[in-house]
Amino acid sequence: MSSAKDMKTTLATAKRVLRIEAEAIAGMIERLDERFEKAVELLYQCKGRVVVTGLGKSGLIGRKTAATFSSTGTPSFFLHAAEALHGDLGMLTDNDVLVAISSSGETEELVELVEAMKRLGIHLITLTANARSTLASASDIVLDIAVKEEACSLNLAPTASTAAAMAMGDALAIALLERRGFKEEDFAALHPGGRLGKKLRRVESLMHSGEDAPRVLPTAKMPEVIYEMSRKGLGLTAVTEPTGRLLGIITDGDLRRMMLKSKENVLELAAADCMTRNPTTLPKTELAASALRVMEEKKITSVLIVDSAGRLEGVVHIHDLWTLQLF
């Protein structure tokens, strides 16, 4: 069993590692200049794919960087430098831009790859800690990812340097995302699966529409209103004109409150007499997460979905959102 001294040493090591890596990333902020802006513009103007390459730990960072580019609207893939020299160069076109990651800037396979890139006329952006390296001198743009020290107690294992490289890759991807005007709906289209995909689903895919959407005319009497609410099982009904334009909503709660307050025969009342006007509505393009937020803020269990002309298109109930695990 670990002693208290061992635990204290372990925590001290963890804090030191995190501090060194945080300082490595923070140190790059002051060194950012117009070269970064030029790199983003070069990537934005790319007519092909953004190809990321690297070897070893830099290669692992490169894979993550390429994945981040792809998931934020920039077609990208990772190219293994050694494999490229043995046939995978055929994956490239002269419209691509190459992003190389190498702390030393002298990785032999990358240097050989760059020579081939130059013959193809492909632009090169290099992330390196050595601005005077062979790779840097062959680049169109060089981004400085140098760090004072590694977080490894031996100052050998790539730790702070890989954290810096990953952070710079993220900075490029997000700056490019904003340069493209990439929006939530674009992100949703690229992430249809998993929890994130569920969170980004549109209410259009969840709403009760057509015959499943409860609705009555304003002249409908209470028996008809109650029947429609019971038949559709959502605890409410929309009140619409014959054209479908939304006029109001009647909920189970509205019915209970009306029966407690009304001294006349409730069953003789019409829907127009009991409905709540100007109910909460959303367009069908709204995100499911946004619909949930609206329900929570207004303390309601359903939202009516309408088109641009105010015509009812469907109903989203909070139960429909439970299946998405948004809570």
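Which residue in β12 is the bridge partner of Val-306? The legend to view A gives the residue; the views after it move to other parts of this predicted model.

**View A. The hairpin of β11 and β12.** In β12, Leu-312 is the bridge partner of Val-306. The strands β11 and β12 run antiparallel and are joined by five bridges. Together β11 and β12 form a hairpin, with five residues between the two strands. Gly-310 lies in the turn and has a positive phi of about 85 degrees. Strand β12 covers residues 312-317 and is mostly covered, with five of its six residues buried.

View B. Ile-249 is found in strand β8, which spans residues 246-251. Its relative accessibility is 11%, and since buried means under 20%, Ile-249 counts as buried. Setting aside neighbours within four places in sequence, the contacts of Ile-249 include Leu-236, Thr-237 and Ala-238. Asp-254, Met-275, Thr-276, Pro-279 and Leu-304 are also in contact with Ile-249. One of these residues, Thr-276, stands opposite Ile-249 in β9. Pro-75 belongs to another part of the chain: 174 residues separate it from Ile-249 in sequence, and the C-alpha to C-alpha distance is 46 Å.

**View C. The four-stranded sheet that contains β8.** This open sheet has the strand order β6-β7-β8-β9, and its pairing is mixed. The edge strands are β6 (215-216) and β9 (276-277), each of which pairs on one side only. Helix α11 packs on the sheet and touches β8 and β9. The direction of α11 makes about 70 degrees with that of β8. Between β8 and β9, which run antiparallel, there are two bridges.

**View D. The largest pocket.** The volume of the largest pocket is about 300 Å³. Its lining has 18 residues; those nearest the pocket centre are Ile-249, Thr-251, Ile-300, Thr-301 and Ser-302. At least two lining residues come from each of β8, α11 (252-261) and β11 (302-306). By class, seven residues of this lining are nonpolar, eight are polar and three are charged.

View E. Among the residues that line it are Ile-20, Glu-23, Ala-24, Gly-27 and Arg-31. The lining also includes Ala-146, Val-147, Lys-148 and Glu-149. Four of the lining residues are nonpolar, one is polar and four are charged.

View F. The structure holds one cavity of 30 Å³ or more. The largest cavity has a volume of about 50 Å³. Residues lining the largest cavity include Met-28, Arg-31, Leu-32, Asp-33, Arg-35 and Phe-36. Val-142, Leu-143 and Asp-144 also line the largest cavity. Two or more lining residues are given by each of α1 (4-31), α2 (34-44) and β5 (141-144). The largest share, three residues, comes from β5. The lining divides into five nonpolar and four charged residues, with no polar residue. Arg-31 lines this cavity and also lines the second largest pocket of view E.

**View G. The five-stranded parallel sheet.** Five strands form this open sheet, in the order β2-β1-β3-β4-β5, with parallel pairing. β2 (76-80) and β5 stand at the edges; each has a single partner strand, so one side of each is left without a neighbour in the sheet. Neighbouring strands are turned by 20 degrees against each other on average, direction ignored. Strand β1, residues 50-54, pairs with β2 in the parallel sense over five bridges. Within this pair, Val-51 has Phe-77 of β2 as its bridge partner.

View H. Helix α3 (residues 56-71) lies across β1, β2 and β3 (97-101). The helix α3 runs at about 160 degrees to β2. Helix α5 (residues 108-120) lies across β1, β2, β3 and β4 (123-128). The angle between α5 and β1 is about 150 degrees.

How values were computed:
Residues numbered from 1 in each chain as written. Predicted model: local features only at pLDDT ≥ 70, side-chain atom pairs only at ≥ 80, totals over all residues. Heavy atoms only, no water. Buried < 20%, exposed > 50% of the residue type's maximum accessible area, 1.4 Å probe, protein only. Contact = heavy atoms within 4.5 Å. 1 Å grid on protein atoms, 1.4 Å probe; cavity = no way out; pocket = protein on both sides within 12 Å on 5 of 7 lines; lining within 4 Å. Points joined across faces, edges and corners; volume = space filled by probe spheres on them. Nonpolar A, V, L, I, M, F, W, Y, C, P; charged D, E, K, R; others polar. Pairing = 2+ DSSP bridges. Axes fitted to C-alpha atoms, helices over the stretch in contact; angles between N-to-C directions.
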